[in-house]
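Please read these notes alongside the model.

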Amino acid sequence: MKGYLFINGKWEDSVEGKRENIQNPATGEIVGTVPASTREDAARAINAADESFKEWSSKTAEERANYLYTAYEKLMDRADEVATLLTKEQGKPFFEAKGEVLQTAKFLQWYSEEAKRIYGETIPASSPSKRLKVIRQPVGVVAAITPWNFPSSMVTRKIAPALAAGCTVVLKPAESTPLTAIILFEVFEEAGFPAGVVNLITGDGPVLGEEFLTNSKVKKITFTGSTEVGKHLIRGSADQIKKVSLELGGHAPFIIFDDADLDQAVEACVASKFRNAGQTCISANRIYVQDTIIDTFTRKFIDRVQSMKIGNGFDSDVEIGPLIDKNALEKVQGQVQDATAKGAEVLLGGETWKREELNGIFYKPTIIGKIDQSMRIYSEETFGPVAPIIPFTSEDEVIDEANNVQYGLSAYVFTTDLGRSERVPEKLEYGIVGVNDPLPGTPQAPFGGWKESGIGREGGHYGLDPFLEIKYISTILND
């Protein structure tokens, strides 16, 4: 792996030459080093993207589609290699990493097809001498900032629609997981994208983010991460009225009604809550179980979670990998301690996990009961393997409780009642609702949230909209 910045079609070091170590969170081992970019590096990448924009945006939709499809093919050829690196630097089990890489490729494939469907519109005029039409054109240079929890799929979920729309891109991956982005850019290089169309910088978010915000050549910022940082980007973009797309925090309710298939609900809850050690923005955060079945569900859930194997993502049958860093561990521990101090009961787990040959950051999958609204875990995103179980009595009650948070990214409903399966999702104030489905994300569907969970959508044909401007053209015909 080159381990350098990719600017204007070339692999380069940063201006200052400083580098940062990347650690495996499961073992503590150094798995690589990357440049610590400066604002000057960011400006160089932005300039390259700006200079290449005219040529790239002038290419036909079919030409852009061909580049994306070639990248899809190249990535599929290297899927195991990319997944191996992803597990090394991020920690998730290899089977999860491989699934993420396949999803990464699917975004390239989908938008290679969608690039050819950026349609305009003809509007009937009120005068026979006029012609009215609407076209959609790329916004310009896009700065993309991606998170550490899905360091592969989040790259193409942002870059693929931007490129399909005719934009050029500068990517800044998360500080803790840049190596996966680097190998993806090797794939883009192999696919033959023209110089300057895709650019990569690595380093400190606040430093590079300020260049994105203040550089007038950047026309749009797309970001996935915390709500706090998202608000900072909104404020910082105001001076230039810079366009922003934000996929932010979540606090997903997972609602299980007494008519649900309990075995299905247990497996689904495990998949939603403990995938990536609970470090997903759409992870189940509040598990609401109807009071008539809560004891039965809890027993089944405990039995299933007890069987989960913790460890290095390369070990066979591992389902729970490490937390990303010590800050993540402290947050999880703080929420559990706060809850127990206020009367919650730890039903399973509730402590760190150690193994002699691993020097990583692990927390046992944890189940907590007797939760109330005074506890931080009830309203704060956990981002860890902790499952709070909350009883409810009626449909109206659980809808009100589920909606009573600042977030609105994802929610889950488990029921076999056809009417309820339509009625409840319509009343939930969330951008994504999985009905008997714990993993609703897919490249062809919109992904994004309501309230403080974000602005805009990624995925599907909706994912093109944030990268396109609408232009209305009115023409008076000559006699």
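1. A cavity here is a set of points on a 1 Å grid, over the protein atoms alone, where a 1.4 Å probe fits but cannot get out. Grid points are joined across faces, edges and corners, and a volume is the space filled by probe spheres set on the points. The model is predicted: local features need pLDDT of at least 70, side-chain atom pairs pLDDT 80 or more, while totals for chains, interfaces and linings use all residues. Residues are numbered from 1 along each chain as its sequence is written, and side-chain values use heavy atoms, without hydrogens or water.

2. The count is one cavity of 30 Å³ or more. The largest cavity holds about 40 Å³ of space.

3. Its lining (residues with an atom within 4 Å of a point) includes Lys158, Phe223, Glu247 and Arg457. Strands are DSSP E runs of at least two residues, helices H or I runs of at least four, both numbered from the N terminus. β10 (218-224) and β11 (243-247) each give at least two lining residues. β11 has the largest share, three residues.

4. Seven strands make an open, mixed sheet: β16-β17-β18-β13-β12-β20-β21. Pairing requires at least two DSSP bridges between two strands. β16 (345-348) and β21 (432-435) are the edges; each has a single partner strand, so one side of each lacks a neighbour in the sheet.

5. β12 (252-256) and β20 (410-414) run parallel, joined by three bridges. Phenylalanine 254 stands opposite tyrosine 412 of β20.

6. Helix α9 (262-274) packs on this sheet, touching strands that include β12 and β20. Contact means heavy atoms within 4.5 Å.

How values were computed:
On a 1 Å grid over the protein atoms alone, a cavity is a set of points where a 1.4 Å probe fits but cannot get out, and a pocket is an open set with protein on both sides within 12 Å along at least five of seven lines; lining residues have an atom within 4 Å of a point. Axes are lines fitted to C-alpha atoms, for helices over the stretch in contact, and angles run from 0 to 180 degrees between N-to-C directions.
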